[in-house]
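Dear colleague,

Please find below the structure that I am handing over to you.

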Amino acid sequence: MVGNELADDLMTVAETARLLRRSTEQVRRYLREGELPGRRLGGQWFIDREDAETFARQRRDGTEFLRRLASSDPDPLREAIAIGGSGGADIAGGRARYLRSLAEDAPG
Amino acid sequence: MTEVRPPIPDSGNEDDVLDVSFVDASALVALADRDDASHAAAVGAYQDLVTSGFRLFTTDLALTSAHELISAVLGQDAARFWLAQCNILVYRIALADLEEGRRAIEEGWSAPDATLADTIHLAVLDRLGVTDVFAVDRAFLAMLG
């Protein structure tokens with residue numbers, strides 16, 4: 001089906017599940033939904049080792065970030081409110097419109 | 001705003017959830033600029049999030065963008081002060097987020113007026129499983145549906 005050299009770079013769903021510490025069904029769901037790149041060979045899913053390792057690293061980073069978030073400042077912007085006045089800009093209209101307030105205020 | 005409840009990592013209890021909201025550059029600016037048309041609404045929304053126990057984060061991209069806007073419109077001193085006062089957790093954009101955002105623009109499956117920053121942030125939200133967004137930018141909010 002695949003040569004030995006190619007096979008070394010491919011992981012099965014079960015191997016990927018062990019790497020990600022997820023169930024095989026969860027890995028198949030990642031594959032079906034396109035979250036994890038994979039390819040079907042002979043009716044079975046295979047995942048490039050590099051893709052699986054990148055996916056694992058990204059999930060670890062996300063998990064670590066959520067852990068940090070859980071213990072972060074619960075009111076982090078309290079001192080960053082109303083620190084200046086534009087004279088009546090409108091950021092809801094986008095960056096360009098917000099910056100336009102400068103031109104409208106400019107003399108001449 | 002919609003609600004998101006990603007699990008608290010390794011809490012040992014599947015019922016433990018963390019209410020999380022991404023704060024985009026427009027919300028940071030609307031909070032900082034007391035004269036902005038959305039300032040009062042933004043302050044109200046921020047207070048609601050805080051009292052409801054939401055944990056807030058932004059990205060390096062959004063923080064940089066907000067600083068640039070505040071510096072241009074409110075002045076460099078105000079921008080320096082603002083940056084020093086921001087104690088919000090910052091998520092560092094990953095290369096994969098950048099690539100996904102770029103693909104969305106290049107391949108045309110993003111909203112027509114979406115910016116690269118918008119599509120990158122959508123990639124970040126998707127990967128972290130966060131669906132609650134604190135933003136006032138109408139174009140970005142429209143993208144979120």
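Predicted model: local features only at pLDDT ≥ 70, side-chain atom pairs only at ≥ 80, totals over all residues.

I begin with the interface. On the side of chain A, 39 residues are in contact with 49 residues of chain B. The size of an interface is often given as the accessible area lost when the parts come together. Here, the area buried between chain A and chain B is about 4000 Å², and carbon and sulfur atoms give 63% of that area. Three residues of chain A deserve mention: A:Leu77, A:Ile83 and A:Ile91 contribute 16% of the area that chain A buries against chain B, more than any other three residues.

I turn next to charged pairs. Side chains of opposite charge can pair when their charged atoms come close. Over all chains, the structure holds ten salt bridges, and the count between chain A and chain B is two. A:Arg95 pairs with B:Glu68, with 3.4 Å between the closest N and O atoms. B:Arg138 forms a salt bridge with A:Asp90, at 3.7 Å from N to O. In this second pair, B:Arg138 belongs to helix 7 (residues 138–144) of chain B, whereas A:Asp90 lies in the loop between helix 4 (49–70) and helix 5 (95–105) of chain A.

Two helix pairs within chain B complete the account. The axes of helix 3 (residues 60–74) of chain B and helix 4 (residues 76–85) of chain B come within 7 Å and cross at roughly 145°, in a right-handed crossing. Helix 3 of chain B contributes B:Leu63, B:Ala66, B:His67, B:Ile70, B:Ser71 and B:Leu74 to the contact, and helix 4 of chain B contributes B:Gln76, B:Ala78, B:Ala79, B:Trp82 and B:Leu83. By class, this contact of helix 3 with helix 4 of chain B has eight nonpolar, three polar and no charged residues.

For helix 5 (residues 95–106) and helix 6 (residues 116–128) of chain B, the axes come within 8 Å and cross at roughly 125°. Helix 5 of chain B is therefore oblique to helix 6 of chain B, and the crossing is right-handed. Among the residues that meet here are B:Asp97, B:Glu100 and B:Arg102 in helix 5 of chain B, and B:Asp126 and B:Arg127 in helix 6 of chain B. The residues of this contact between helix 5 and helix 6 of chain B comprise seven nonpolar, two polar and five charged.

With kind regards

Terms used: Residues numbered from 1 in each chain as written. Chains lettered and ligands numbered in written order. Heavy atoms only, no water. Axes fitted to C-alpha atoms, helices over the stretch in contact; angles between N-to-C directions. Helix = DSSP H or I, 4+ residues; strand = E, 2+ residues; numbered from the N terminus. Parallel < 35°, antiparallel > 145°, perpendicular 65-115°, else oblique. Left-handed = near helix turned anticlockwise from the far one by under 90°. Contact = heavy atoms within 4.5 Å. Nonpolar A, V, L, I, M, F, W, Y, C, P; charged D, E, K, R; others polar. Buried area = accessible area lost by both parts, 1.4 Å probe. Salt bridge = Lys/Arg side-chain N within 4 Å of Asp/Glu carboxyl O.
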